[in-house]
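Visitor: I would like to learn how to read a protein model feature by feature, moving between single residues and the whole chain. Could we take the features one at a time, with the general idea before the case?

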Amino acid sequence: MKQNKNKMVSRQRSSALLLVVLSIGLVGCCANALNVGSGIFDITGPAAEIGMMGYAMVNQTTAGLHFRLRARAFIFDDGAQRVVYASTDSCMIYTAVKRVVVQLLQAKFGPTLYTQQNVMLSGIHTHSGPGGYSEYLIFDLTSSGFHKDNFNTIASGIAQAIINAHNNMQSSASLYLNSGTLLDSNINRSPTAYANNPASERAKYQHNVDKLMTVLKVLKADKSDFGVVSWFAVHGTSMNNTNKLISGDNKGYASYAFERLMNGNDTLPGIGPFIAAFGQSNEGDVSPNTRGAMCPDMKPCDSVHSTCGGYSQGCHGYGPGKNDNNFESTQIIGTNQFQKALGLYKSATELVVGPVAHVHTFIDMTQVVVTPEFTGLSQNVTTCLSALGDSFAGGTTDGPGDFNFHQGTNSSSTNLYWNYLASFLSDPTAEQRKCQYPKPILLNTGGINLPSPWEPSILPLQIFRIGQLFIIGVPGEFSTMSGRRLRDTVSGVLQKHGIVNSTVVIAGLSNAYSHYITTREEYEVQRYEGASTLYGPNTLAAYQQEYAKLAAALVTGTPVPAGPTPPDLSAYTFTFQLPVIEDNPPLFKHFGDVDVDVKSSYVRGTTASASFWGGNPRNNFLTQNPAGFLSVQKLVGSTWTQVANDGSWDTKMYWERVWLTENRITVSWDIPTYIETGQYRFVHFGYWKSIDGAITPYSGVSSTFTVA
């Protein structure tokens, strides 16, 4: 009997051991083998007459195109869960954009495959794209209201990038992580605010901005290259507020350069198959203008208020380009990111192992009760109704404001007139002033509801898990130290649950937009970022608390309440922008006729250009068009072959209104030094609008020119 019992125990132990071995084998062979898809699509909006989003300059309206804006999407699926990360060449993502993208996906794939919960949209924060695509009025004011065509182009383009990724799923893909330091590419534009953080905390870090780049490498089952996602914190403000050409700025260029390298120099942009997303992170106080902020005499600005002679208008940051050349600065900062990401991609060896998971909720950020654990205070506190301070109107060194507002002010006395006028929109209560203290409230946006709420109060919070990689989707711009604290909070929760070797990244400007998030100490200084921290001094602590809950729920599999639904404000949008009435060429001219022709020959390294009489680019955005508004063509035998289009870095398209209804379109090509010699020409494409509303295509062809 005893012998039989021992045999039974032995069998049980053997079975248990076999189960453990099989489990280990399954983890080793399959946990990192994911189904991965990638997709890209054009989201370029109107290239004429629409206010750009980012600098809030009324006179900065689109007047041409440098290179096209794209949405780049990646799908990760472990067989049980699926997540979508999309990086978009837009200033930010708004609640309405995410809502419509999900609706479009659900209309095609049903209600459960792609949802608010498992789709993350993150803007790269270029300041050179057309605006007017938010349902919250505060963001549309300087763009003359809401522009439905631009909104639809962005939302449908993002959805199509995800659809393309869905149709491009690769089984048994391998993912690898790598991180490294990137120098000479970002600086802190509010160093006095950063310096107000505790000395002991600052001592933990070598720099006052994050220099760490994180790269996710994606290979197909046969180990061939498939795609890459990079996260690095730097503003999309290499192109300054005088620029009027649509541009993906430095991150757009980094994507362009990486994709061009991997797909081949002969491939046209925006096609693939290799896709490189350069995602945004905690860039709130981080500038690409690495030479620093200077006055017109090239002396440093006042460090506290960023002023020159007491005024903010003359103080602005300078990028690394010579003679403040925006294009050169964009290319330098973009190249730095591209080359660092490429090096990390090539050397990545840390295999991503583990499940795919996601967690998401909506919260009302104006009513979060925050405990002392996250504030360090002696009692609970509550976040505030949204409000913007006086320093918000002072702008930043990347884009100074007007009317003698300046940064770093805790008083409204220097601008009594504007504060008085703003009070007619909504006069903050004594309770609101106390809650927002020490912020002097300029715009009490939480109290303005005409014709609908000006600012969001209900915001999405989201975390993705892809093995040991955790992506925190945040609905705003976290400052450097805010991002560090949030990452530490989430990492701490993961460690408590036994996940000790995680990589935690912040995906900035994701799913919605609520301005900035600074630390409490930075908030006290009331630089631009602190004045733009909507929900008061405890905003960051509220986020830390709520993301800690989400992180715990994510790793334990605990269900999370959906939270309140953000309002659909589409019925309240409006625009002051007049439509295109009609287009006409000059007398005795036709659409597509050449105005100023090319020279007969050019040397490589110089610029060729020509101008045409055309239609307003708002008539048709030529989305995902093989040529767009311009094509550079080379004569190969007897066939004209396209070598560049309006998505290429080396080309530019300028629009100008010559008379009431006349449009001059100028196209240019910076001829690369590596280009083959031969015969070339420009072809311009567009659409013109007649007085009866009919929109008709046209084209124009320049003379042939020689490249020697």
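Visitor: Is Phe588 buried or exposed?

Guide: This is a predicted model, and what follows should be read with that in mind. The general idea is to compare the relative accessible area of a residue with a cut-off, where exposed means over 50%. Phe588 has a relative accessible area of 76%, and therefore counts as exposed. Its place is in the loop between helix H14 (539-556) and strand S27 (594-596).

Visitor: Which residues are joined by cis peptide bonds, and where do the prolines sit?

Guide: Here one reads the omega angle and then places the proline among the helices and strands. A cis peptide bond joins Gly272 and Pro273, with omega about 10°, and Pro273 lies in the loop between helix H6 (249-263) and strand S12 (275-279). A cis peptide bond also joins Tyr437 and Pro438, with omega about 5°, and Pro438 belongs to the loop between helix H10 (430-436) and strand S21 (441-443).

Visitor: What is the volume of the largest pocket, and which residues are the closest to its centre?

Guide: The largest pocket has a volume of about 1,100 Å³. Its lining comprises 40 residues, of which Tyr55, Ala56, Thr142, Phe392 and Ala393 are the closest to the centre. Helix H9 (416-423) and strand S21 are the elements that give two or more residues to this lining. By class, the lining of the largest pocket has 24 nonpolar, twelve polar and four charged residues.

Visitor: What does the lining of the second largest pocket contain by class, and which elements each supply at least two of its residues?

Guide: The second largest pocket has a volume of about 520 Å³, and 25 residues line it, with Asp210, Lys211, Leu212, Arg484 and Arg487 the closest to its centre. Strand S8, strand S10 (212-219), helix H11 (480-496) and strand S25 (503-507) each supply at least two residues of the lining. The lining of the second largest pocket has nine nonpolar, ten polar and six charged residues.

Visitor: Which residues does Asn380 contact, leaving aside its neighbours within four places in sequence?

Guide: To read contacts around one residue, one sets the sequence neighbours aside and asks what remains. For Asn380 the contacts are Val369, Val370, Thr371 and Pro372. The C-alpha atoms of Asn380 and Val370 are separated by 5.5 Å, although these residues are ten apart along the chain. Asn380 lies in the loop between helix H8 (372-375) and strand S19 (381-382), and is partly exposed, with a relative accessible area of 46%.

Visitor: What is the radius of gyration of the protein chain, and what would a compact globule have?

Guide: With 708 residues, a compact globule would have a radius of gyration near 27 Å, and the protein chain agrees because it has 27 Å. The C-alpha trace spans about 110 × 70 × 50 Å along its principal axes. The protein chain has 14 helices and 36 strands, and buried residues make up 59% of its 708 residues. Of the contacts with a separation of 6 or more, 77% are between residues 24 or more positions apart. The protein chain exposes about 27,400 Å², of which carbon and sulfur atoms supply 55%.

Note on methods:
Residues numbered from 1 in each chain as written. Predicted model: local features only at pLDDT ≥ 70, side-chain atom pairs only at ≥ 80, totals over all residues. Heavy atoms only, no water. 1 Å grid on protein atoms, 1.4 Å probe; cavity = no way out; pocket = protein on both sides within 12 Å on 5 of 7 lines; lining within 4 Å. Points joined across faces, edges and corners; volume = space filled by probe spheres on them. Helix = DSSP H or I, 4+ residues; strand = E, 2+ residues; numbered from the N terminus. Nonpolar A, V, L, I, M, F, W, Y, C, P; charged D, E, K, R; others polar. Buried < 20%, exposed > 50% of the residue type's maximum accessible area, 1.4 Å probe, protein only. Rg over C-alpha atoms; globule rule 2.2 N^0.38 Å. Contact = heavy atoms within 4.5 Å. Areas by Shrake-Rupley, 256 points an atom, 1.4 Å probe, with all protein chains shown as cover.
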